[in-house]
Structures are given as C-alpha cells and as structure tokens.
Amino acid sequence: MNILSIDNITKAYGERRLFDEASFFMQEGEKVGIIGINGTGKSTLLKMIAGLEETDKGSIIYANHVVVSYLSQQPEFAADDTVLDAVLKKGRESSRSYEDELREVEAKSMLTRLGVLGFSAKCGTLSGGERKRLALVAALLSPSDLLILDEPTNHLDADMAEWLEGQLKKYTGAILMVTHDRYFLDSVSDRIIEIDKGKIYSYQTNYSGYLELKAAREEDMLASERKRQSILRKELEWVKRGARARTTKQKARLERYEELKNADAPVLDSKVELESVASRLGKTTVELLNISKSYEDKILMNDFTYIFLKDDRIGFVGKNGSGKSTLMKMIIGEVQPDKGEIVLGQTVKIGYYAQEIGEAEMPPDQKVIDYIKDVAEYVQTRDGSISASQMLERFLFEGKDQHGLLKKLSGGERRRLNLLKVLMGAPNVLILDVNCSTHLRCA
C-alpha cells in the first residue's frame, strides 16, 4: 500500500529551481535512500515531506493516519531541557505507566550505545555531535510509519554506525534517508531515488545496483545523443543542398530538422577539480613530542610522540570522544597539551577544515565570491595564477551562484565552499576533521 505520493512538485529559490514537476511514491515498509549531488535539494525534499517547507506547485499526499518521525541535519533542543526529557519529548511525570518505564529504559540504552551518558545534563551544554545523536535516539523512539533521516551517520563512529545499521534493518516501518555513507546506504536501502536536474528517478535496488543502472541510463542518453548528431549531420547536408519547403513532405522534413537542432543535449554531472595549491614545505613539518592531554579523569593521550613526514597521508581513527578532534586542535594551536611539546617547521602553513561551520565562520548575508576573496583573490597552481572566481567554477559554483548569499547554500555546498576557502590559503599541511564512518567506510 502506498503511504506517500509526491505528484508533480515544483520548488525554487529565486532563479534556482530544485524540482521541476517531479514525482515519486513510497510503499509501507520500504527503505529508500536519496542520492544527488550537493545542492540538488535532498534535504529540502525531506523537509517538504516532513511538512516543514511548502512546495511551490504539486502535492504531497499521505495515506490516512500515517505518522512521521523526522531527524533533521541540524537538530535543536531547548537549552534547559535535560537529555532524557528531550529524548522522551516530555517531562517525566510522577505517575507513569509501565510502557513509559520501558521507553525510558530503552532511551537510556540507546543513549549509552551512542556515547551520550549524562542523562540529566542540560541540552544547552551538549556539543553539535551529541545533539545529533540525541535527536537520532528521539527519532528512533517515536512510534511512526515513516522514519525520515537526514544524514543519520554524521557524528557516529564506525561501531555506532554499525549499530544503527542493525536498528534500521529490523525497523518495520518505512525509511526515507539521505546519507553520504555509501556502505551504510548499500546495506540498509532496498530502493534508491536520484534527484537529478529537477527530476526524480527511481531504482528498485540498493546502492551498488543503482550505480550499474545509472551507468546504463547515462549510456542510453549518450547513445541517443550520438544518434541525434548523426541524423542531424545528414539532414544538415540535405539542407545545404538547397532544400525548399515546396511540398508537404519537404516542409515536414525541415520541421524535423529544426526540432533535432534545437533539442537539448544530455547534461552529465560536473566534478570538482582539485589543483595543486600549496606553499613550499621544508624538511621539518609537525612533531608531537611526549604530549599528554586529559579532561578531568578522562585521559585522551599520555606521553604520545609522533613525527609527521613531508608526504605523509595520515588517518585518525577511534571512537567518539577518544580525542581525534582534540589532537587536531592541539596541532593547530587551538588547544594546548597538558604536557609535552608540539613543534611546527618554519615553513609550515596549516589549512584546517572543521567538522562544524557556524555563522561566525560563514556569515549568512555574505556573498559566496566575497567569502573566498577574503582569503585571496588569486592563487598559484600548476596552471598558473587562478582567480577566486575561476576556483569557484572548479568547485561547481557557476556564474550567478557566486553572487548568491551564503544563507541560501545547502549543507553540502557550504562544506564544499568551506573546503575551497581552506585551499585558497595555499596550505602545505592540510588537516581535515571529517566524519570517519562516512569517509573511511566508503574509501
């Protein structure tokens, strides 16, 4: 039975059209993953289905009595609510039923599994990652027919992501999710929908099957285009020989030629172009000498020594809270070690890409081009001097997009733009604080 029907929806922000009479449906019990390049409208689609945004045209129709639970990409909680009350979505009354007691036990179990241990802590004291895990537990606990998840594996380590994978596999309701963790998507989903240039395409398969079917669809499009160009060349030769629309047959042939000539060629997704943008790096890079760091009784590292070499590619792995981000922040000087020494070479120029981007780092009313020009108007690459505008084009920010405001960017576009800003500083040591379950599991 269909629980959700999306019929010819259109959605635009100014001149930017995300959906153009797009349609799809969901049946009960389906587990559907949404695929699309940054800025295509994945999160916007989830918000429209959850009732948080309106369509410009078209309709979103639920079956009778369908209950929806929604996990947003950036959840918010009342600062004074405790962790447990926020998850249970109500205060703990003095008189509670047996079901309430069971639900609280389950909530505590899930929170513990996801590393949120202070049940009485105020939500206002939590980090962004803790708030996301808190919201994930709240979504899983809410009885629903459709569970909508926007980036559920963000801020989860590999063990947590594996636990969530098991939870969703045995979930009896329908699931609609956006995630960049391809391993997770491949394991959980049984259907993929792709948002591409305003349309929605459905593939009755998991992510691996989708890759094969998409390749076949693109090859069909390219084959059709090759056929169109071949016919067009022949018709063009006929036109050049002096074709005249004197007869009905010739007139129809000329009209077909005009249709072929004016037809749009298939447009394939562009890819980010990364060039070698870096300053000269000397022999000494980064040296960690007998460093120790702890917070109260929690020891993150003790007497740790490591010397990074010039061409090293190092990955930090570990459970949430083990000190990965803290180690990175010590290297850039944002956090000081309790003991030991961190030595940076004289030529070291660090570029730091952070997990979370706040309004202070990305002022919402600043233009995209100005955000990059704040670092440099030109940068040296192997191709010579490249302007900020040209670098933006290589990072898929074309023409008018460069003069749009930061607040209009999607989450993925913001992260891509922030990476470009880091690279525009021409660092020779690049530190990327990214989610390990999303990137390492898919590498």
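**Chatting through a predicted model**

Me: Hi! Why does Tyr306 count as partly exposed?
Reply: Tyr306 counts as partly exposed because its relative accessibility is 31%. Buried means under 20% relative accessible area and exposed means over 50%, with partly exposed in between (1.4 Å probe, protein chains only).

Me: What kind of model is this?
Reply: This is a predicted model, where local features need pLDDT of at least 70 and side-chain atom pairs count only at pLDDT 80 or more, while totals for chains, interfaces and linings use all residues. Residues are numbered from 1 along each chain as its sequence is written, and side-chain values use heavy atoms, leaving out hydrogens and water.

Me: And what's the average pLDDT?
Reply: The protein averages 84, and 86% of the residues score at least 70. pLDDT is the predictor's confidence in each residue, from 0 to 100. Over residues 436-443 it stays under 50.

Me: Back to Tyr306. Which strand is it in?
Reply: Tyr306 lies in strand β11. Strands (E, at least two residues) and helices (H or I, at least four) are DSSP runs, numbered from the N terminus. The protein has 13 helices and 16 strands.

Me: What follows α9?
Reply: Gly333 does, and its phi is positive, near 90°.

Me: New topic: which residues of β14 are on the covered face, and which on the uncovered one?
Reply: In β14 (residues 378-381), Val379 and Thr381 are on the covered face, while Tyr378 and Gln380 are on the uncovered one. In a regular strand, side chains alternate between the two faces of the sheet.

Me: Which strand does β14 pair with?
Reply: β14 pairs with β15 (residues 384-387) in the antiparallel sense, over four bridges. Two strands pair if DSSP finds at least two bridges between them. β14 and β15 form a hairpin with two residues between them.

Me: What's the bridge partner of Thr381 in β15?
Reply: Gly384 is the bridge partner of Thr381.

Me: Last one: how much of the whole protein is buried?
Reply: Of its 443 residues, 42% count as buried.

Technical notes
Contact means heavy atoms within 4.5 Å.
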